[in-house]
Amino acid sequence: MCAIMLYRLTLLFLLLLPAASGQTLSPVIIDVFDDHERHCQSSMAYGLSWELVVEAAKLSGIPLKAEEVSWDGAMTRLHNGKSKLVFGALWSEERAQWAAFSVPLAPESSSLFTLPSNPVLRIEEIDLNSAVVGVSEGSVQQEYAKKLGFKHIYGTTNRSMLFGMLESGRIHYMINGDQFVNYFCMFQMSNTTVNCLRPVGQPIYSTFVHVIGLKKDLEANLLLKRLNEGLAVTARQPGTPQKFKQHGFSQQQFLAWQEQFTVDQGDSQP
């Protein structure tokens, strides 16, 4: 028991050391989306958020080791202790019950999508008793499908399958992140154009990309604290506004993101 306590105290001491002290950590596993590089290319929110995280981790002395897994796989690995952090998470009330969040990264919206040939233009026009909507199993989008009132919700751990099912007519709609849909249109659909799907109405909700860890995992919470400190430094670097611009975000969006670091972030709440 004493040996275990000594190990934990030593680990916490090392985690709390500033990067300038010269101390180094073992690689910290952070799960990212499968086909990570293509997501960085096609999704403004995902790509910018990852650049911010990489820079903040470098400034904080956190040696990240990215591993590509499915979202369902990432959640399983996180809860089983096989990874400490997961990148690309969106905030939700349900998820906030067990997850600790980094400060908000890039803004992201989610919408209800359909094929361009579908004449429905507004959510109010949909027959919710018969229409089938596809979502990622265990995602924030699944929660919103229920809130919208869909009676037939198809959840899967394979998001690529949803796009194929929509294209073949097996489902009528899909809820997904606006920027992430670009990835599937560019790399997964047979009609490889950015506008291969059409949003129905306005975005269902707008939020931000985060890095998450388990609330009960003290090491993960300390890592998030150090990452947030690195992000605060990143927000003041002269090259950061250009990162936002390169990913299609405005100066106003950068300033809004930067402003969050003028107040105490507390317990890494979104």
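How much space lies in the largest cavity? About 140 Å³, and we'll get there in a few stops.

**Before you click**

This is a predicted model, where local features need pLDDT of at least 70 and side-chain atom pairs count only at pLDDT 80 or more, while totals for chains, interfaces and linings use all residues. Residues are numbered from 1 along each chain as its sequence is written, and side-chain values use heavy atoms, with hydrogens and water left out.

**Stop 1: the whole chain**

Start with a cartoon view. The protein chain has ten helices and ten strands; helices (H or I, at least four residues) and strands (E, at least two) are DSSP runs, numbered from the N terminus. Of the 270 residues, 48% are buried. Buried here means under 20% relative accessible area, exposed means over 50%, and partly exposed is in between (1.4 Å probe, protein chains only). Among contacts (heavy atoms within 4.5 Å) between residues at least 6 apart in sequence, 73% join residues at least 24 apart.

**Stop 2: the cavities**

The structure holds three cavities of 30 Å³ or more. A cavity is a set of points, on a 1 Å grid over the protein atoms alone, where a 1.4 Å probe fits but cannot get out; lining residues have an atom within 4 Å of a point. Grid points are joined across faces, edges and corners, and the volume is the space filled by probe spheres set on the points.

Go to the largest cavity, with its roughly stated volume of about 140 Å³. Select Phe33, Trp71, Ser139, Gln141 and Arg159: of the 13 lining residues, these are the closest to its centre. Strand 3 (85–90) and helix 5 (140–148) each supply at least two lining residues, and strand 3 gives the most, with three. By class, the lining has six nonpolar, five polar and two charged residues. For that count, Ala, Val, Leu, Ile, Met, Phe, Trp, Tyr, Cys and Pro are nonpolar, Asp, Glu, Lys and Arg are charged, and the others, Gly among them, are polar.

**Stop 3**

Follow the chain to Ser92, in the loop between strand 3 and strand 4 (99–101). Is Ser92 buried or exposed? Its relative accessible area is 3%, so Ser92 is buried. Show side chains and you'll find a polar contact between those of Ser92 and Glu143, at 3.3 Å. A polar contact is a pair of N or O atoms within 3.5 Å; within protein, one must be able to donate a hydrogen and the other to accept it, and residues adjacent in sequence count only if both atoms are side-chain atoms. Leaving aside neighbours within four places in sequence, Ser92 touches Phe101, Val140 and Glu143.

**Stop 4: the nonpolar cores**

Next, select Phe87, Leu112, Tyr173, Val211, Ile212 and Leu231, which have the most contacts inside the largest nonpolar core, a set of 63 residues. Helix 3 (residues 44–60) gives the most to this core, with eight residues. Another core, of 13 residues, lies apart from it, and includes Leu166, Met174, Phe184 and Cys185. Each core is a set of buried Ala, Val, Leu, Ile, Met, Phe, Trp, Tyr and Cys residues joined through side-chain atoms within 4.5 Å.

**Stop 5: helix 7**

Why is helix 7 (residues 178–187) described as largely enclosed by the rest of the structure? Because seven of its ten residues are buried. Select Gln179, Phe180, Val181, Asn182, Tyr183, Phe184 and Cys185 to see them. Their packing partners are strand 1, helix 2, helix 3, strand 5 (107–114), helix 6 and strand 8 (173–177).

**Stop 6**

Thr156 sits in strand 7 (residues 152–156) and is buried, at 9% relative accessible area. Its side chain reaches the backbone nitrogen of Asn158 at 3.1 Å. Beyond four places in sequence, Thr156 is in contact with Val135, Ser136, Glu137, Met161 and Leu162.

Hop to that last one. Leu162 is in helix 6 (residues 159–168), with a relative accessible area of 0%. Not counting residues up to four places away, Leu162 touches Gly134, Val135, Ser136, Tyr154, Thr156, Ile171 and Met174.

**Last stop: two single residues**

Asp35, in the loop between strand 1 (28–33) and helix 2 (36–42), has a positive phi, near 60°, in a residue other than glycine. Asp35 is partly exposed, at 26%. Finally, pick Arg226 in helix 8 (residues 218–234): at 7% relative accessibility, Arg226 counts as buried. The C-alpha atoms of Arg226 and Ile62 are 8.1 Å from each other, with the two residues 164 apart along the chain.

Conventions:
1 Å grid on protein atoms, 1.4 Å probe; cavity = no way out; pocket = protein on both sides within 12 Å on 5 of 7 lines; lining within 4 Å.
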